[in-house]
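Thanks for having me, everyone. Please take a moment to look at the sequence and the structure on the screen before I start.

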Amino acid sequence: MTQNVKEIFGNSLAAKVRTLAPSMTRSMQRVAEAVAKDPAGCAALTVTGLAELTGTSEATVVRTARILGYPGYRDLRLALAGLAAQQASGRAPAITTDIAVDDPIADVVTKLAYDEQQTLADTAAGLDTVQLAAAVSALSGARRTDVYGVGASGLVAQDLTQKLLRIGLMAHAHSDPHLAVTNAVQLRAGDVAIAITHSGSTGDVIEPLRVAFEHGATTVAITGRPDGPVTQYADHVLTTSTARESELRPAAMSSRTSQLLVVDCLFVGVAQQTYDTAGPALSASYEALAHRHRHHR
């Protein structure tokens, strides 16, 4: 197993905790944070010991284990022991991503690069591939796809629609909330609407998705909050890594990284399913632009 793959597996528990924490009670969050922070220490504890350490109950520990995807505490404990052994095998220590105002630019590059890698690993570990495959299938057969996003998420919406247009699909990105709703009214069964919102609670994005949902379109939410309001109108939910904010690095930067990974996964999946038409469309697109590249050399 390569170092990068080991890191992705090692980070998967921390990724789960970050993604699922908002849907946990405060006491469950304490248990989840404890096992993510010190897998070796917690692996040595009985269910009673972990409950005492976190000031919770045995029932809370078991419920937390189940939310994290383990049938019971014994299974979580075994996973923690394996993770502890992996970490003891010499994995490089994490670099802090807190960027100080007087950091040399070389340190800024190192810290940001590490944080981007962590964000991508977290997103990959937490992405539901069953939901992803369903979204890809819907996009591949869609008559038309509308994508909603504002601010940084609006840039990601444009990225997705440009990719889909390059393989011959009908797609539009909407950042104006009024136009988004006006267009959502025209959608129907066989169309797809995608909402991109890191917080999961952006009203200007939720409203057109709701309208599209009510008109029978297949709806997809790309969000960092799987419990956010946007998901009540989503047939398929694709969860992105929750951003680690700092004063010099707003959440928009980190969330955009994870959103772009999900968008790329959607695009490649659609290109695979529609390859007979996507391949020629891409070739035609490259050919149409080739003369511009030649003139600008």
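What you see is a predicted model, in which local features need a pLDDT of at least 70 and side-chain atom pairs count only at pLDDT 80 or more, while totals for chains, interfaces and linings use all residues. Residues are numbered from 1 along each chain as its sequence is written, and side-chain values use heavy atoms, with hydrogens and water left out.

The protein chain averages a pLDDT (the predictor's confidence in each residue, from 0 to 100) of 84, and 82% of the residues score at least 70. Confidence is highest in strand 1, residues 145-148, at a mean of 98, and lowest in helix 1, residues 3-20, at 59; helices (H or I, at least four residues) and strands (E, at least two) are DSSP runs, numbered from the N terminus. Over residues 1-10 the pLDDT stays under 50, and the model has 13 contacts (heavy atoms within 4.5 Å) for them beyond four places in sequence.

Turning to helix 5, residues 58-67, we find Thr 60, Val 61, Thr 64 and Ala 65 buried, where buried means under 20% relative accessible area, exposed over 50%, and partly exposed in between, with a 1.4 Å probe and protein chains only. Seen down the helix axis, these buried residues fall within an arc of 140° (taken from the directions from the helix axis to the C-beta atoms), so they line one face of helix 5. Just after helix 5, Gly 69 takes a positive phi of about 100°.

Finally, Gln 158 lies in helix 9, residues 152-166, and counts as partly exposed because its relative accessibility is 37%. Its C-alpha atom is separated by 9.0 Å from that of Tyr 148, 10 residues apart along the chain.
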